[in-house]
Amino acid sequence: MEFEGADPGTVRPGGRTARVRASVLRAAGDALAEHGFAHLDLADVARRAEVGKTTVYRRWGTVTGLVADLLLDMAEQSLPRTETGSLLGDLRANARLVRRTLADPRQGALFKAVIAAATGEAKTAEALHRFYDTRVEEWAPCVRQAVDRGEIPEGTDAHEVIRAVSAPLYYRLLTSGAPLDEAAADRAAEAAAAAARAGVFVRGGDGRT
């Protein structure tokens, strides 16, 4: 059996299998955005992707395995970080990318569904944490470069800076309902950059990170 011995959603396929995976993950994302995690059904995903149900059940096994693979694929397909030569410029690029993603009708709904599922489903939460760890790690070097340029203090926690950029945007998506516009993205970047310059994210001491 092709995937025997592996956890559902963990095998990295190639060739024709990769095309099937892409079709199924696209269908799963559509279903999540339309109906949420509670109504995600492997048979419906197979129908949408125009593949056999046995293929989906054998490859992913459960909806949580499918969502885990979808998040892995989303992390891999996300745009690489932008280097502008300044901390504020880099953080602004990050914030605008996050904003575009969350403001997109399909992507915003998909993230809402996955985050809601993660609050009550441990494997989905683990997959979501891996997704965000991957994206934060992608952008963390821009903070380290800012340290090297002398823009911000030594010992600044790069990961905390990047998290501080996206946090206000997720708050708007999930809680306040305030507009997710470019101005909000720029304010988030400017606030994170100002806090970093002030030493808020320096590890240790005075209750800091």
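Helix α3 (residues 53–60) has V56, R59 and W60 as its buried residues. Looking down the α3 axis, those buried residues fall within an arc of 75°, so they line one face of the helix. Keep in mind that this is a predicted model.

**Around α3**

- The buried residues of α3 pack against α1 (16–35), α2 (42–49) and α4 (63–77).
- Just after α3 comes G61, with a positive phi of about 80°.
- E50 has 74% relative accessibility, and the cut-off for exposed is over 50%, so E50 counts as exposed.

**Where α7 meets α8**

- Helix α7 (residues 122–149) and helix α8 (residues 158–176) have axes that come within 7 Å and cross at roughly 120°.
- That angle is why α7 counts as oblique to α8.
- As for handedness, α7 passes α8 in a right-handed crossing.
- On the α7 side, the contact is made by Y132, V136, E137, W139, A140, C142, V143 and R144.
- On the α8 side, A158, H159, V161, I162, R163 and Y170 make the contact.
- Sorted by type, the residues of this α7 contact with α8 come out as 10 nonpolar, 1 polar and 3 charged.

Conventions: Residues are numbered from 1 along each chain as its sequence is written. This is a predicted model: local features need pLDDT of at least 70, side-chain atom pairs count only at pLDDT 80 or more; totals for chains, interfaces and linings use all residues. Side-chain values use heavy atoms; hydrogens and water are left out. Axes are lines fitted to C-alpha atoms, for helices over the stretch in contact, and angles run from 0 to 180 degrees between N-to-C directions. Helices (H or I, at least four residues) and strands (E, at least two) are DSSP runs, numbered from the N terminus. Angles under 35 degrees count as roughly parallel, over 145 as roughly antiparallel, 65 to 115 as roughly perpendicular and the rest as oblique. A crossing is left-handed if the near helix is turned anticlockwise from the far one by less than a right angle, and right-handed if clockwise. Contact means heavy atoms within 4.5 Å. Ala, Val, Leu, Ile, Met, Phe, Trp, Tyr, Cys and Pro count as nonpolar, Asp, Glu, Lys and Arg as charged, and the others, Gly among them, as polar. Buried means under 20% relative accessible area, exposed over 50%, partly exposed in between (1.4 Å probe, protein chains only). The arc is that of the directions from the helix axis to the C-beta atoms.
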